[in-house]
Amino acid sequence: MDSNFVQGLHALLQQSTANDTVQLKAATSQLNKDYYKNPACIPALAQIVAISPEQGVRQLAAVELRKRVSQNSGDLWTQVGEPEREQIKAKLPEIVLGEASKLVRHSTARVIAAIASIEIPLGTWSQLLPFLTQTCVSSDVTHREVATFILFTVLENIVEGFESHVQSFFKLFEGLLVDPESLEVRITTVRALGVIAQYINQDDKADIKSFQGLLPAMIQVIGQCVEAGNEQGARALFDVLETLLILEIPILGPHIPQLAEFLLTCGGNRNYDMELRVLSLNALNWTVQYKKSKVQSFNLAGALLEGLMPITTEEEPDDIDDDAPSRSALRIIDGLATSLPPNQVFPPLRTLIQTYFSSADPASRRGAMLALGVCVEGCSEFMTPLMAQVWPVVEAGLQDSDASVRKASCIAISCLCEWLEDDCVSKHAILVPTIMQLVNDPATQRSACTALDALLEILHDSIDQYLHLIMDRLAGLIETAPFPVKSVIVGAIGSAAHASKDKFLPYFQPTMDRFKHFLVLTAEGEEQELRGITMDAVGTFAEAVGKDVFRPYFADMMAQAFAGMEMGSARLKECSFLFFGVMARVFESDFAPYLPNVVPALISSLQQAEHGDDTALTIANSDAAVAFASGSTPATAIPVDGAAELDIEDVNFDIDKMLDVNSTICIEKEIAADTIGALMANTTTHFLPWVESCTVELIGQLNHYYDGIRKSATDSLLEIIRSFYDLSGPQEWQPSATVFAPLDPRVKQLCGHILVPLMEMYESEDNKKVVAGLCIGLAETISKLGPAFIEGQTDKIANIAIQVLDQKAVCQQDPDQDEEEEAPEDSAEYDTILMSSAGDLVAALATALGPDFAQAFPTFFGLISKYYKKNRSLSERSSAIGCLSEIISGLKGAVTPHTEALLELFYRALSDPEPEVQTNACFASGLLVEHSGMDLSPQYLHLLAAYRPIFSVAEDAPSAHLNARDNAVGAVSRLIKRNVGAVPLDQVLPVLFGAMPLKNDYLENRPAFGAIFLLFNTQPQVLGPYLDRLLQIFAFVLDPSGPDMIGDEIRAQLISLIGVLNGANPAQVQAAGLGPFVPGA
């Protein structure tokens, strides 16, 4: 080797380590020009690693040596002569064992791994593995540490070359996991096992079993790291654990109880470092999310909640972005509630909440209220019948002597309002005055305003009595409050406008005058946040007061929205995009002049890179990446493409900062995608110039790793199809598998461009919300476009519904569940949304195909009917019966062969304890009688007996009971229309007319009045005793000051009937106030 070449290289490396930027640039330039393109640099660098007296130079030489070996897939390495290559391969293991510096040892180990990745696949370094396995069991602890690290780095690069050695590795690692001297050996062994796990195949039963046997020891090593306060090691091992959790092989399943207990114990130990506790709890959160079937089957929720509740009582940091054990614990409670069946979560949690709320310690009471708040999202349906016992706790919390408990109670109110709207509205007389008192208290002001915002959002007409008080108080407060409180006040005023609608008019102009100063704020942080929230509120005002009142502000507000977009804030861009969507809804075609500026901005947003073009990092795993982008998990470890090319010693990047930027841009893109659909729907023909470019861009977003973007792109693509169809002047379609009303060729072409990628997305879609959105969007599109939309795609679309209902869709798969194992019948409330959306899709297919759906009916009936069982949730039972009713409506007479099976199911549903189910059962059984070709007259008395209890409802009963009664009226009316002779009218009519007029489900007026008209035409004498009652009903539904309850067709028939009745009984007609409706009056 040329000694001058080595000396020159060494000198330049020395120069590179000097703390002098000018020297560094000069040295780097000369190295790249004169040395690093020459294969001779590889043996030279290896010699420098071996002999240089300076650690910094040895370290840099090792880093550069790895780069040169890996360069161009090993091209420079293979140009080195074979004797020199063999010498390097022989010497490097000796060099690394003799190296005193751990940093240099690790960098040299990576060189060995880089060489191995080239040589081992060629079979030209057979000595390496025996050397490593022998050195891993050396009596010298340093040698063991070096060898395990080399083996780890080699496996990171070329595990595929070692498949035949996996079992021997497991045997080796079994001993290394309990190394008596070195925690480093144990940590590195766990990391190596984490690499091997990623290459184990689902069918490698022996490897899976062996790996599972090592898990208890691996978990012990994580505990040793936490115990020792070794944060770096613990982070690396929690990364491994999170990798194991997201793998699609059943490695962890049998050990989930042990793992969950271990993580909870670590997370709950206040003697441990807070960062490590948070890491433990974050890993537990991932365990709940990714292994929920095992958490459910082992019934771990109760024990987990018992361990989490003490952690919720710990102090929270002031900064909302800082993590802490208490926040992590609440996040897990939320995860348990949304991932597991509520009957496993809420009963034990309710007991704990009551215990903790009874404590003299305010921290315990605060923890109880926060736990109540976070569990509502996943347990709302289950909680509904129990709210009478929950409200006293909430009300006491709002008036607690401790401010932290009152603030926590306000947070709970915000959650309750979002998920239990009717219950919260029913308590307005208590909640509004109480929250307004807390708004006046500086200690609770911000939380109280947030709770008030949530409550006002849902109050609707009930706000009228409070509007003046609320606006007066908030208007005064907004002048003096600090910026963070100003933001929540502005949000609350927006919600007041949303609830009060045109009653907000007197407050509109004064409020706009107060808000105008916020719309020009520019400073980052709190000022921009207030500006954005104000823009949101102004959009709500426009919807409340209408376009004519808002028009004077329209141009100026659009200018402010455009200005906000240019300020470099993703948050302000979001707000501007949302504002554009609202303005398009309010102003419709009047928004068109802004489209040339708005649409390019939306497309540009979708096209932007999420973490800059200059970074080597790209997120590889969609599950993990999405968890960060959505903020759904706080865990810090993600797989990263190119990890093998990155050396943590020579690359400096801030993953947390990258992910933060990533997250805000993803949300901006999600809203941009959503806004495109809103613009198309509301500006119609004016949007046509951008249909193609937007469609292409949205299709490109269907494979984005963030689920929110995929869902918004899906929604908008299907909205574009529906709007484009409306503009094509379509013919009315007929229900049939044969298309009698073909689509306009341009619409058909658009459908083809969009449907194919949507179907492809579904095949690999692992997010339930995206699949639910796809089902709902397809259902709406099928219902509008009819059979022409599904032509050629019917089987694929139907298969989506079949897979979801059979719980076999990709998004429903659990690697820890055996293929032959039935999915559990108890499911999380969130999962019922997916089932319901699939039901909507089936119903739409039945509507479009009509009688031709009959062939598919047996398949779907079997899948849907299994959701009507006593142990199924209310939503599942209700959705199942509702879906079958829609199918009957589509099939019409073709339902006849299945009449008996359906009727048997509907009888059970009519006796269901929940009125929501009874509602759908009444509707479904009535439709079955109406459409089936089978004479069901022999069943009339049984059906009437089943309907009778549903009529026994007090007028002030909850709306669900009144809705069921309205549908019972519709069902009885359908029986009358089908065969009046089989109905005992003397017993039925008093009950039927006593339940009218309908006040909830106006659609059931159609069969109800159809029955009345039939009786007047065929048996008018039976209606004589009820004439006064009927006239009152007629007056009610014809009242011009009320909503339209009957539609034009029934109204015309009813007015004609009133004319006939007026000829025979003018006094009674006039007394009922129907004089103005008499034809010719």
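Q: Over the ring of which residue does the charged end of Arg-68 sit?
A: In this predicted model, local features need pLDDT of at least 70 and side-chain atom pairs count only at pLDDT 80 or more, while totals for chains, interfaces and linings use all residues. Residues are numbered from 1 along each chain as its sequence is written, and side-chain values use heavy atoms, with hydrogens and water left out. A charge sits over a ring if NZ of Lys or CZ of Arg is within 6 Å of the ring centre and within 35 degrees of the ring normal. The charged end of Arg-68 is 4.1 Å from the centre of the ring below it, which belongs to Tyr-36.

Q: How far from the ring centre of Phe-483 does Lys-486 lie?
A: Lys-486 is placed over the face of Phe-483. Its distance from the ring centre is 5.9 Å.

Q: How many aromatic pairs are there?
A: Rings of Phe, Tyr and Trp (its six-membered ring) pair if their centres lie within 6.5 Å; planes under 30 degrees apart are stacked, over 60 edge-to-face, and the rest tilted. By this rule the number of aromatic pairs is 27.

Q: What kind of pair do Phe-170 and Phe-211 form?
A: The ring centres of Phe-170 and Phe-211 are 6.1 Å apart. Their planes stand at 85°, so the pair is edge-to-face.

Q: How many residues apart in sequence are the parts that Phe-170 and Phe-211 tie together?
A: Helices here are DSSP runs (H or I, at least four residues; strands are E, at least two), numbered from the N terminus. Phe-170 belongs to helix α10 (residues 166–176) and Phe-211 to helix α12 (residues 205–228). The pair therefore links parts whose separation in residues is 41.

Q: Is Phe-211 buried or exposed?
A: Buried means under 20% relative accessible area, exposed over 50%, and partly exposed in between (1.4 Å probe, protein chains only). Phe-170, at 3%, counts as buried. With a relative accessible area of 0%, Phe-211 is also buried.

Q: What kind of pair do Phe-853 and Phe-860 form?
A: Both Phe-853 and Phe-860 are buried. Their ring centres are 5.6 Å apart with the planes at 20°, so the pair is stacked.

Q: Where is Val-739?
A: Val-739 is partly exposed, with a relative accessible area of 23%. Contact means heavy atoms within 4.5 Å; leaving aside neighbours within four places in sequence, Val-739 touches Pro-787, Ala-788 and Glu-791. Its place is in the loop between α36 (707–726) and α37 (745–764).

Q: Which residue does a cis peptide bond join to Met-996?
A: Omega of this bond is about 5°.

Q: What is the phi of Lys-501?
A: Lys-501 lies in the loop between α27 (483–500) and α28 (505–515), and at 44% relative accessibility it counts as partly exposed. Although Lys-501 is not a glycine, its phi is positive, at about 50°.
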